[in-house]
Amino acid sequence: MAAGATKLYVLPGSHPCAAIEAALALKSIDYQRVDLLPLAQVLAGPLLYGGRTVPGMRIGRERIVGSRPIMRRLDALVPDPPLLPAPGEPDHGRVLEAERWGDEVLQAVPRRLIDAAFLRVPAAMESYAGDAKLPLPRAMLRPALPLTAKLMAIKNGARDESAQADLAALPGQLEQIDGWIAEGLLGGERPNAADLQIGSTIRLLLSIGDVRPLIEGRPCERLAGYFPPMTGEVPAGVLPAEWLARAQAAPDPAAPGSRSA
Ligand SMILES: N[C@@H](CCC(=O)N[C@@H](CS)C(=O)NCC(=O)O)C(=O)O
């Protein structure tokens, strides 16, 4: 399919957007990427692709919003290689369920943690812009980073308490993912939709210097390998040390998000 027929609307550094870009590459679908500014999609998204979050996609006149609906549409558009086991296969439903958990539970974790970090060091946000073609020069955007960090934190419900709860739940969530890898549901040579959904989140978590040691050396670390190297980094030492001490303690089964699929 020719580039231009398919447009992908993204925010720089967005992990569900990275999941879709990896799926497009896997299926060799040409596309045009449109980089938006943080929060701009709330106003521009409805006009451009019919939604307020990214990823959003246009295929000709068709508009699709959300990483999971876009994955389903890409499989219909170019069935090979498939992102899901065939409907009759036993793992079909389990991959869908792991993908749902990756979207509805895990995806928000690095978002809230990074927002908590950007509130402390707004300048770190710029590193996530990578090679994005932003509509304004970076020097013009720099003074707005502290306010952008505050608005993003409000939008994503990223308060200190939620970031601490996320850190406390994370070890249990990583164990869940390692379990799926041990069962062969995730971590295969060619990624499925759940690998891309969860792997893009692991890759973003690895970019947070204080969180990286919780993941390094675990089987789930290799899910980040389905993606090109991450641009963007929050240096270690930005998140309060006492928050991390909680994460290193035994996982709290009652913590939000620690339930398994
Ligand atoms: N879970 C949905 C939503 C994704 C989502 O919330 N994306 C973030 C960027 S990572 C976004 O658009 N945030 C801006 C906002 O909520 O205003 C999906 O996977 O498509």
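## Ligand shell, domains and helix packing

By class, the residues of the shell around the ligand comprise five nonpolar, seven polar and four charged. The model described here is predicted. There are 16 residues around the ligand, and those that come nearest are Ser-14, Pro-16, Thr-53, Gly-66 and Ser-67. Two helices, helix 1 (15-26) and helix 2 (40-48), each contribute at least two residues to this shell. Both domain 1 (7-77) and domain 2 (103-248) take part, with at least three residues of the shell drawn from each.

### The two domains

The protein is divided into domain 1, covering 7-77, and domain 2, covering 103-248. Their C-alpha centres are 20 Å apart. The contact between these domains involves 15 residues from domain 1 and 23 residues from domain 2. On the side of domain 1 that touches domain 2, helix 1 and helix 3 (67-77) each supply at least two residues. Helix 1 gives the largest share of that side, with six residues. By class, the side of domain 1 that touches domain 2 holds ten nonpolar, three polar and two charged residues.

### Helix pairs

Two packed helices are described by the angle between their axes and the distance between the axes.

| Helix pair | Axis distance | Crossing angle |
|---|---|---|
| Helix 4 (91-106) and helix 9 (193-206) | within 8 Å | roughly 25 degrees |
| Helix 8 (160-183) and helix 11 (241-248) | within 7 Å | roughly 30 degrees |
| Helix 1 and helix 9 | 8 Å | about 130 degrees |

The axes of helix 1 and helix 9 cross at about 130 degrees. Helix 1 is therefore oblique to helix 9. The crossing of this pair is right-handed. From helix 1, the contact uses His-15, Pro-16, Ala-18, Ala-19, Ala-22 and Ala-23, and from helix 9 it uses Leu-196, Gln-197, Ser-200, Thr-201, Arg-203 and Leu-204. By class, the contact of helix 1 with helix 9 has seven nonpolar, four polar and one charged residue. Pro-16 belongs to this contact and is also one of the residues that come nearest to the ligand.

Helix 9 also packs against helix 4, at roughly 25 degrees. Helix 4 and helix 9 are therefore roughly parallel to each other. Their crossing is left-handed. On the helix 4 side, Val-95, Ala-98, Glu-99, Gly-102, Asp-103 and Leu-106 take part, meeting Ala-193, Ala-194, Gln-197, Ile-198 and Thr-201 of helix 9. The contact of helix 4 with helix 9 divides into six nonpolar, three polar and two charged residues. Gln-197 and Thr-201 of helix 9 meet helix 4, and these residues are also part of the contact with helix 1.

For helix 8 and helix 11, the axes cross at roughly 30 degrees. Helix 8 is therefore roughly parallel to helix 11. The crossing of helix 8 and helix 11 is right-handed. Helix 8 brings Ala-163, Gln-164, Leu-167, Ala-168, Leu-170 and Pro-171 to the contact, while helix 11 brings Trp-243, Leu-244, Arg-246 and Ala-247. By class, the contact of helix 8 with helix 11 has eight nonpolar residues, one polar and one charged.

Note on methods:
Residues are numbered from 1 along each chain as its sequence is written. This is a predicted model: local features need pLDDT of at least 70, side-chain atom pairs count only at pLDDT 80 or more; totals for chains, interfaces and linings use all residues. A residue is near a molecule or strand if its C-beta atom, placed from the backbone, lies within 6 Å of it. Helices (H or I, at least four residues) and strands (E, at least two) are DSSP runs, numbered from the N terminus. Ala, Val, Leu, Ile, Met, Phe, Trp, Tyr, Cys and Pro count as nonpolar, Asp, Glu, Lys and Arg as charged, and the others, Gly among them, as polar. Domain bounds come from an automatic or database domain assignment. Axes are lines fitted to C-alpha atoms, for helices over the stretch in contact, and angles run from 0 to 180 degrees between N-to-C directions. Angles under 35 degrees count as roughly parallel, over 145 as roughly antiparallel, 65 to 115 as roughly perpendicular and the rest as oblique. A crossing is left-handed if the near helix is turned anticlockwise from the far one by less than a right angle, and right-handed if clockwise. Two residues are in contact if their C-beta atoms, placed from the backbone, lie within 7 Å.
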